[in-house]
Amino acid sequence: MEKAIQTLEFSAVQSALAERASTNMGRELALGLQPSTDPKRVNVMLEQVEDALFGASLHLGGITDVRSLVTKLEGGLSVTGSELLEIAYTLDSAMTLKRGIAQHSLGALLEVANGIGQHVVLTRSILSALGRDGTVLDEASPKLRQLRRRLAPLRNTIRDRLTSIMDRAGEALQERLITLRRDRYVIPVKSSFENQVSGIVVDSSASNQTVFIEPASVVPLNNELARVLIEEEQEVTRILLELAHLVHDEPGLRSTLSAVAELDLIGAKAALSREWGLARAFKASDDRALRSKRCGAGCPAPRFTDHRPQHGR
């Protein structure tokens, strides 16, 4: 067998298949592929390729290799919102692929596609809670919505208060500017006028010509803002952990990814068959395999033909 593999330059076939796979999962299967001497298995694989050529379309758009993320979650590690989105997009695209196969398959791909589970509840939970950039949406929980609704009015109140103080500060201001220093809203005051503005010095410029003061009347508002921001961060963390636990507990994730990898490999085989003009000479069986040996290179090699039902033709 080893000599036959070398003679056939099978490694070149493996590499060609890997190049045409859409995911790392499919590429790994392609590079690990070995010839089969089992006629039944060979027939199944040939029929799968034929199905991919003339039946179901195996486009894996939106699917990425999320096995490492699943492994992280299985190990109890945290993931980001963007990583949870990647998992959701992959599962959603896998289910779309399964539906397409169910509608258009000639039959051979159905068994493989059945390995893709139903992950509708999980994907909806993630996609409804996260924005496209992976940030947690206000609608992810009533508490988060309420906390974020408090932030804008609170910031506006702080800015209004600081603007009023700057109106009275006159020449003490280094610049008419409201800025953030150490997560506190402050105003820039000339160092020489530091004592004329009641408040806390939060920071100073590199030249020490400017001090950034948090006026005393703004301290309680900044404290309240800090508390709301802490609660918001805690709620966001809670939501991400809840979504992570949903992924961790989702049944059939590994089976879905395995089925997607196998479909990716079948799609790569179909693409290679199309590009190289490959043909299916016969359905492998012990009897016909024997006859093929007898007739040698002179055996006919008909091309694949489209076996789809011809409606309205």
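## A charge over a ring

A charge is taken to sit over a ring if NZ of Lys or CZ of Arg is within 6 Å of the ring centre and within 35 degrees of the ring normal. In this predicted model, R181 and F212 form such an arrangement: the charged end of R181 lies over the ring of F212, 4.1 Å from its centre. Pairs of aromatic rings, by contrast, number zero.

Four strands form an open sheet in the order 1-2-4-3, and their pairing is antiparallel. Strand 1 (179–181) and strand 3 (199–204) are the edge strands, each pairing on one side only. On average, neighbouring strands of this sheet are turned by 55° against each other, direction ignored.

Strand 2 and strand 4 run antiparallel and are joined by four bridges. F212 belongs to strand 4, where it stands opposite P188.

## Helix 9

Helix 9 comprises 28 residues (142–169); at 1.5 Å a residue it should span 40 Å, and the 41 Å between its end C-alpha atoms therefore agrees with expectation. Just after helix 9, G170 adopts a positive phi of about 60°.

The buried residues of helix 9 are L144, L147, R148, L151, L154, I158, L162, I165, M166 and A169. An α-helix has 3.6 residues a turn, so residues three or four places apart point the same way. The packing partners of these buried residues are strand 2 (184–190), strand 4 (210–215) and helix 10 (219–249).

## Helices across the sheet

Helix 9 lies across strand 2 and strand 4, at about 15° to strand 2. Helix 10 lies across strand 2, strand 3 and strand 4, and runs at about 145° to strand 2.

Methods. Residues numbered from 1 in each chain as written. Predicted model: local features only at pLDDT ≥ 70, side-chain atom pairs only at ≥ 80, totals over all residues. Heavy atoms only, no water. Phe/Tyr/Trp six-rings, centres within 6.5 Å; stacked < 30°, edge-to-face > 60°. Helix = DSSP H or I, 4+ residues; strand = E, 2+ residues; numbered from the N terminus. Expected span 1.5 Å × (residues − 1). Buried < 20%, exposed > 50% of the residue type's maximum accessible area, 1.4 Å probe, protein only. Contact = heavy atoms within 4.5 Å. Pairing = 2+ DSSP bridges. Axes fitted to C-alpha atoms, helices over the stretch in contact; angles between N-to-C directions.
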